[in-house]
Amino acid sequence: MSALKPFAAVFYNKEKVENFSNVFCPPYDVISKDQQENYYKQDPYNFIRLELAKETLKDGPKDNKYTRARKTYEEWLKKGILKQDDAPCIYFYKQDYKYQGQKYTRTGFLGLLKLGEDSGVRILPHEHTHAAAKTDRMTLWSTLKSNLSPIFVGYADKAGKIERIFFKELASQKPFLETVDHDKVKHTLWRLVDPQKIQEVVNVIDGQNLFICDGHHRFEVANQIRREALKKAKKSTGEESYNFVMTYFTNMDSKDLQIFPIHRIVKKFPISVNLLEQYFRIDKIKTKVDWLVLLARAGQNEHAFGLYNKQGMFLLRLKNKILIDKMVKEGSKEYRSLDAAILKAFILDQVGVASEDIVYSKDPEEVMQAVNEGNAEAGFILNPVQVGELRSIALNDERMPPKTTYFYPKVLSGLTMYKMD
């Protein structure tokens with residue numbers, strides 16, 4: 001049985017929605033309260049009303065954010081705001097964006113990923129999950145009987161076979177959908193309906209190790225829905241809708257796959273920078289541009305961190321790699337070599353920083369602002385995790401430290417939905 005399957009997605013109806021840029025939103029887990037409010041105001045049909053509906057003080061078993069999301073979903077389907085495709089497809093998905101002044105194009109596609117041991121692929125996570133987030137998605141998906149946003153997996157395709165299919169069959173055709181998000185990322189979708197070409201894509205995916213890049217909670221929820229459905233079913237063919245999860249697939253061998261670092265804002269850091277000289281070479285840097293450039297350069301060959309506090313910007317470089325095995329007491333060699341693990345063991349644990357005193361951010365400006373405004377005593381800037389490191393950790397059946405990877409750009413929520421019968 002193949003791991004990949006086309007599907008007839010539910011999507012926004014072009015004839016009913018005037019401006020696509022106003023109806024999509026990011027995944028639920030990166031949306032703040034303020035952003036939620038802004039998306040609500042942006043358009044009466046914004047996907048936020050399904051993906052992350054508002055709570056009220058009067059919420060109860062019969063009227064809550066999940067039941068209201070279901071009512072909205074059913075109304076939009078009835079009114080034709082949302083419609084279901086008339087044929088199973090694979091949806092090729094291109095994202096054009098800029099990062100640090102350079103243009104990138106990430107290509108991928110949306111399809112259904114087979115769950116269960118008979119899928120013919122090995123699906124490998126790299127993060128731990130939390131019960132509260134799983135309960136939320138479980139309740140939402142079960143109430144709406146739909147996958148609302150995809151999980152995000154990486155496959156291997158050094159030869160670029162799938163990209164060649166896209167460029168040959170679809171790239172010159174009129175897109176199915178185009179929109180630009182708040183970060184000025186352009187999102188473009190095409191439908192691949194040719195069964196022969198779909199099978200060529202399936203053949204590349206079958207038998208692979210697939211790495212979960214984003215959506216670990218959604219993946220576990222999909223498996224939980226499947227387990228519960230199998231308990232109730234008298235028999236299963238393996239083709240029932242609960243045996244699949246909507247998934248975005250992208251090539252991990254592509255240079256356009258960007259992993260951003262996640263930095264640490266430390267509320268309480270009661271020691272002098274000089275006390276870190278036991279383990280690190282420390283240089284004070286005058287300008288922010290030099291600081292970030294030197295950090296990136298140092299990270300190519302050694303373990304390095306940027307430290308920001310009231311005294312200024314510092315570059316910390318680990319003096320002795322031999323100490324890593326002594327100080328980082330858990331995990332494989334690959335795990336112990338992660339910058340996040342080294343920062344924790346050599347600095348945060350040594351100083352006695354409590355986990356509740358750490359705030360995470362992907363934006364160095366936000367880290368510096370927290371210190372400048374007196375909301376934190378220190379900030380640590382990290383280099384990004386490399387794709388090879390993620391692969392190694394996942395293949396070892398390990399999990400990275402919390403908040404280690406941020407894949408960019410995010411897959412928009414609302415482009416496609418998977419309606420489960």
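**Burial, contacts and pairing, term by term**

Reader: Why does His126 count as buried?

Author: Its relative accessibility is 0%. Buried means under 20% relative accessible area, exposed over 50%, partly exposed in between (1.4 Å probe, protein chains only). His126 at 0% falls under the 20% limit, so it is called buried. This is a predicted model: local features need pLDDT of at least 70, side-chain atom pairs count only at pLDDT 80 or more, and totals for chains, interfaces and linings use all residues. Residues are numbered from 1 along each chain as its sequence is written, and side-chain values use heavy atoms, with hydrogens and water left out.

Reader: Where does His126 lie?

Author: In the loop between strand 6 (122-124) and helix 4. Both terms are DSSP runs numbered from the N terminus: helices are H or I with at least four residues, strands E with at least two.

Reader: What makes the link between the side chains of His126 and Thr405 a polar contact?

Author: The distance is 3.0 Å. A polar contact is a pair of N or O atoms within 3.5 Å; within protein, one must be able to donate a hydrogen and the other to accept it, and residues adjacent in sequence count only if both atoms are side-chain atoms. The 3.0 Å pair is inside that limit, so the name applies. A polar atom of the His126 side chain also lies 2.9 Å from the backbone oxygen of Ile212.

Reader: Which residues does His126 touch?

Author: Contact means heavy atoms within 4.5 Å. Leaving out residues up to four places away in sequence, the list includes Cys213, His216, Glu398, Arg399 and Phe407.

Reader: Is His303 buried or exposed, and how do you know?

Author: Buried, because its relative accessible area of 13% is under the limit. His303 sits in the loop between helix 8 (288-298) and strand 16. Its side chain makes a polar contact of 2.8 Å with the side chain of Asp339. Beyond four places in sequence, His303 is in contact with residues including Leu316, Lys321, Ser337 and Ile342.

Reader: What makes Gln100 exposed?

Author: Its relative accessible area is 70%, so it passes the exposed limit. Gln100 lies in the loop between strand 4 (90-99) and strand 5 (102-114). Its phi is near 50°, a positive value in a residue other than glycine. Lys145, also not a glycine, has a positive phi of about 50°. Its loop runs between helix 4 (131-144) and strand 7 (146-147).

Reader: How many disulfides does the search find?

Author: It finds 0. A disulfide is a pair of cysteine sulfur atoms within 2.5 Å. Cys25 counts as buried at 1% relative accessibility. Cys89 is buried too, at 0%.

Reader: What order do the strands of the open sheet take?

Author: The 6 strands run 15-17-16-19-14-18, with antiparallel pairing. Strand 15 (280-285) and strand 18 (358-361) stand at the edges, each with a single partner, so one side of each has no neighbour in the sheet. The twist averages 25° from one strand to the next.

Reader: What makes strand 14 and strand 18 a pair?

Author: They share 4 bridges, antiparallel. Two strands pair if DSSP finds at least two bridges between them, so 4 is enough. Arg264 stands opposite Tyr360 in strand 18. Strand 14 is also joined to strand 19 by 3 bridges, where Ile265 has Gly379 as its bridge partner. Strand 16 (residues 304-309) is joined to strand 19 (residues 378-381) by 3 antiparallel bridges. There, the partner of Tyr308 is Gly379.

Reader: Which helix packs on this sheet?

Author: Helix 11 (residues 339-351). Its direction makes about 55° with that of strand 16. Axes are lines fitted to C-alpha atoms, for helices over the stretch in contact; angles run from 0 to 180 degrees between N-to-C directions.

Reader: What makes a set of residues a nonpolar core?

Author: They are buried Ala, Val, Leu, Ile, Met, Phe, Trp, Tyr and Cys residues joined through side-chain atoms within 4.5 Å. The largest has 124 residues; Tyr12, Phe109, Phe346, Ile347 and Phe380 have the most contacts inside it. Helix 11 gives the most to this core, with 9 residues. A second, separate core of 15 residues includes Trp291, Ala304, Val371 and Ala376.
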